Amino acid sequence: HRPGGDMNRFYSMQMEEPQNGKVNESFRFVAEVKKDVWRDSREEQSEPTCSLSVRKISYTVSERVGPWWDLPSYRKRWTRQILNDVSFHVDSGQIMGILGNSGSGKTTLLDAISGRIGNQGTLLGEVFVNGRKLKQEQYQDCFSYVLQSDNLLSYLTVEETLTYTAQLALRKHSAEAIKKKVSAVMAELSLSHVAHSVIGGQVFPGISGGERRRVSIASQLLQDPRVILLDEPTTGLDSMTANQIVVLLAELARRNRIVIVTIHQPRSELFRVFNRIAIMSRGELVFCGQTEEMVDFFSQCGYECPEYCNPFDIYVDFTSVDTRSSEREAATFTRMHEITSAYQRSTIYQSMLEKMEQSLQRSDKPAIPFKSKESPSGAAKLGVLLRRTARNLSRDRMGVLMRLSQNLIYGLFVAFFVIHLDLDVTKGAVQDRIGIIYQSIGASPYTGMLNAVALFPALRAISDQESQDGLYTKWQMFLAYIFHILPLSILSVFIFTSFLYWLVIMGMHPEGLRFLCFTAVVLVPHVIGELLTVVLLGVVQDPNMVNTGVALLNIAGIVVGSGFLRGTQQMPQVFQWLSYLTFQKYSCELLIVTEFYDLQFTCNNSTSLPGACVVTHGNQIIEEGYPGALSRYTLDFVLLYAFLPALLLLGIISFKIRDKVVRH
């Protein structure tokens, strides 16, 4: 049985009587066949097991009048009404479409009843499920919300995507049970034929846009929600695919669910698919009722739908406010309020209020059907996220290759300038070594930063959505990403230092222990560069701003902590104190000691430069530039590596803050 399969129930192509020998055809509403959709939705079930009542939802935000550069207006604030006393009632087995022009409040309404509205404004009103009032913190546990954008990992297959989501959501299920659950959901959404196809993205092709949207819906169905909210699920899809998505949602609703969907410009064929239609304008519910009631209501208001026209488009036009001129705005605003007032006086509105009141007054109210709460422990979730992240990123061959080779490529540039290190101080023995140390410490954070800016924003968007779905917290995704990059970072730095230390610059201390110390020190700035970038991405949305901020912090750390621009002892006291907060101070001291300790220099006495042969031993460089560094060698290692757990802790705090700030 297809949803709304009897098209003649609502519309038909009627042949009018011939006039002057010409047959007139018109696409018009046929009123003689009217059935109670409230009753129809119960045909497959004697009693609805779920009902949703939304009563007097209002939402206001306080905004500044003008931009920040216009100080007089920027100091002033005004209150904007986004939603105004929105009320409706939906039963199981029904799909309700919310129409309206851009800025009418459709998405805000879904955000409000799904618990994702944020803390920027004031939310009033009540939401009832099965006649029981929901607390605002319970909204997310009861409703599944499919966002307008599909945030999916590009290199996973459809089956892998759903399996990992199930593993994050379901604890008491065995691997076999999860596999059966995923297979059932894929079959329900017609995804079985693409189960082993990769999702794909902008870089490489994958499944189609309609299939991606169905994967997003399938991810929500794994938790067995009874109420599903979808924000413009047909956006970006062609007309045929959009029609198929809505018909599929109607099928889901008939399986004892409530489906509420916002939609732009639906095809007229979808008129028979929706059980209820709501039209919004300027934050108000202008109409909410059955589809056939909508045609009668607007006709009674004097706004008939012309022949051959899409009623959805026509009625949205009638209720929209035209802001192209003040006269048009005033006229259309008045018309919208007249239609709203007529709706609130109508029997349609009163019938809806009666149904809502009956639901609230029931003595035998069913329990609230919360989503499956059998989520695994935090450690188990972290393990699932780590496996998912590793599998997705490891399949990006170009990304893995660039991560492993980027430091090596940079090392090639250094090698072109310093092919061979000399021990003769008159041939740059000291300067060349200090230059290599400077480049090793100064450049490695940038490569880490570039990795994070390129890869993490996509994972951040997914964690924003999935954490709102209650699958995990955002800081767990942060830890999974960091743990995933550590082996690759170690390997990348090892390749870089091996090339630089042994194969090209034949002249650094040819000792295995010194090489390992050199590698261990260079690794930390590289990891800190990526770690610090990810930490800032937790609280700063724009990756370009983070890119700039990390670069400036790195430059400041080199200037203050390295001692290359100015000796630490010669700096002002405040900068000497600040140097202890930079990882560059400890890494530079360690590399200076590692390279210059017990190093004997030669000197060509034939040079005419006075004082050219003053430095004859590497220990002189250590004592002059970094007094006491020899005795602090172990301590410097401990303090350098202490930056890693400190930044991990800071990252957890950063993403806990993001949990409070970001609602999508």
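1. Salt bridges first: this predicted model holds 21 of them. One joins the side chains of Glu-63 and Arg-80, with 2.9 Å from N to O. The pair ties together distant parts of the chain, since Glu-63 lies in strand β3 (residues 51–64) and Arg-80 in strand β4, 17 residues apart. Glu-63 is partly exposed, at 25% relative accessible area, and Arg-80 is partly exposed too, at 34%.

2. A helix-to-helix pair is worth a look as well. The side chains of Glu-466 and Arg-388 meet in a salt bridge at 2.9 Å, N to O. This one links distant parts of the chain, with Glu-466 in helix α15 (residues 429–468) and Arg-388 in helix α13 (residues 378–394), 78 residues apart. Both Glu-466 and Arg-388 are buried.

3. Further along, Glu-589 forms a salt bridge with Arg-632, and their closest N and O atoms are 2.8 Å apart. Glu-589 belongs to helix α20 (residues 583–596), while Arg-632 sits in the loop between α21 (618–625) and α22 (633–661), 43 residues apart.

4. Two backbone spots deserve a check by eye. Most residues other than glycine have a negative phi. Asp-85, not a glycine, has a positive phi of about 50 degrees. Asp-85 is placed in strand β4 (residues 77–91) and is partly exposed, at 41% relative accessibility. Arg-282 also has a positive phi of about 50 degrees without being a glycine. Arg-282 is found in the loop between β11 (276–281) and β12 (284–290), and at 35% relative accessibility it counts as partly exposed.

5. On helix packing, α17 (residues 512–539) and α18 (residues 543–561) pack at an angle of about 135 degrees, their axes 10 Å apart. That angle makes α17 oblique to α18. The crossing of α17 past α18 is right-handed.

6. Finally, the surface. Met-398, Leu-401, Met-402, Ile-409, Leu-412, Phe-413, Phe-416 and Phe-417 form a nonpolar patch there, with about 910 Å² of accessible area together. One of its members, Leu-412, is located in helix α14 (residues 397–417). Leu-412 counts as partly exposed, at 35% relative accessibility.

Methods: Residues are numbered from 1 along each chain as its sequence is written. This is a predicted model: local features need pLDDT of at least 70, side-chain atom pairs count only at pLDDT 80 or more; totals for chains, interfaces and linings use all residues. Side-chain values use heavy atoms; hydrogens and water are left out. Patches are made of residues with over 30% relative accessible area and no salt bridge: like charges are joined within 9 Å, nonpolar side chains (Val, Leu, Ile, Met, Phe, Trp, Tyr) within 5 Å. Accessible areas come from the Shrake-Rupley method with a 1.4 Å probe; for residues, only the protein chains shown count as cover. A salt bridge is a side-chain nitrogen of Lys or Arg within 4 Å of a carboxyl oxygen of Asp or Glu. Helices (H or I, at least four residues) and strands (E, at least two) are DSSP runs, numbered from the N terminus. Buried means under 20% relative accessible area, exposed over 50%, partly exposed in between (1.4 Å probe, protein chains only). Axes are lines fitted to C-alpha atoms, for helices over the stretch in contact, and angles run from 0 to 180 degrees between N-to-C directions. Angles under 35 degrees count as roughly parallel, over 145 as roughly antiparallel, 65 to 115 as roughly perpendicular and the rest as oblique. A crossing is left-handed if the near helix is turned anticlockwise from the far one by less than a right angle, and right-handed if clockwise.
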